[in-house]
Amino acid sequence: MDCDEETSVTMVRMSVLADALKTINNAEKRGKRQVLIRPCSKVIVRFLTVMMKHGYIGEFEIVDDHRAGKIVVNLTGRLNKCSVVSPRLDIQLRDLEKYTTHLLPSRQFGYIVLTTSGGIMDHEEARRRHLGGKILGFFF
């Protein structure tokens, strides 16, 4: 192969959710009002819905571009950190308290997002519904 010949190396997205949360984190640190996330997925939409329900982000809009889709998220400035937990560990209901103390800064605020048989929800709703599941990530 000649040195002047172009070689195209494409990066592979391992986790779409991790990418999205990292993008939100960076935009929040820079003090942006809006952030564009692509590609869109059902898991990202559910995660953002949980964040919006607790007031950590504003409204978000899904833009259908006949490809993978985009999401435009309005930021409020309340979010300190959001991140994924990889690998997605199984959490039983009795172990939930251990993970909340590990991942969250305080018991007063912050949420762990779980994917359960009843859908994607935060750890408080999972405790109310008496469900365990896999841990997706956290935000505070």
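Proline 87 lies in the loop between β4 (82-84) and β5 (90-91), where helices (H or I, at least four residues) and strands (E, at least two) are DSSP runs, numbered from the N terminus. The peptide bond that leads from serine 86 into proline 87 is cis, with omega near 5°. A cis peptide bond also joins arginine 38 and proline 39, with omega about -10°, and proline 39 is placed in the loop between β1 and α2.

The model is predicted, so that local features need pLDDT of at least 70 and side-chain atom pairs count only at pLDDT 80 or more, while totals for chains, interfaces and linings use all residues. Residues are numbered from 1 along each chain as its sequence is written, and side-chain values use heavy atoms, with hydrogens and water left out.

| Residue | Phi | Relative accessible area |
|---|---|---|
| Histidine 66 | near 55° | 74%, exposed |
| Histidine 130 | near 60° | 62%, exposed |

Histidine 66 is in the loop between β2 and β3, and histidine 130 is in the loop between α4 (123-129) and β8.

The axes of helix α1 (residues 16-30) and helix α2 (residues 42-53) come within 9 Å and cross at roughly 40°; axes are lines fitted to C-alpha atoms, for helices over the stretch in contact, and angles run from 0 to 180 degrees between N-to-C directions. The two helices α1 and α2 are therefore oblique to each other, since angles under 35 degrees count as roughly parallel, over 145 as roughly antiparallel, 65 to 115 as roughly perpendicular and the rest as oblique. Their contact (heavy atoms within 4.5 Å) is made by Val16, Leu17, Ala20, Leu21 and Ile24 of α1 and by Val43, Ile44, Phe47, Leu48 and Met51 of α2.

The largest nonpolar core has 25 residues, and those with the most contacts inside it include Ile24, Phe47, Met51 and Phe139; such a core is a set of buried Ala, Val, Leu, Ile, Met, Phe, Trp, Tyr and Cys residues joined through side-chain atoms within 4.5 Å. Helix α2 gives the largest share of this core, six residues. A second, separate core of 13 residues includes Val85, Tyr99, Met121 and Phe140.

Glutamine 34, found in strand β1, is partly exposed, with a relative accessible area of 49%. Its C-alpha atom is separated by 4.5 Å from that of asparagine 74, 40 residues apart along the chain.

Conventions. Buried < 20%, exposed > 50% of the residue type's maximum accessible area, 1.4 Å probe, protein only.
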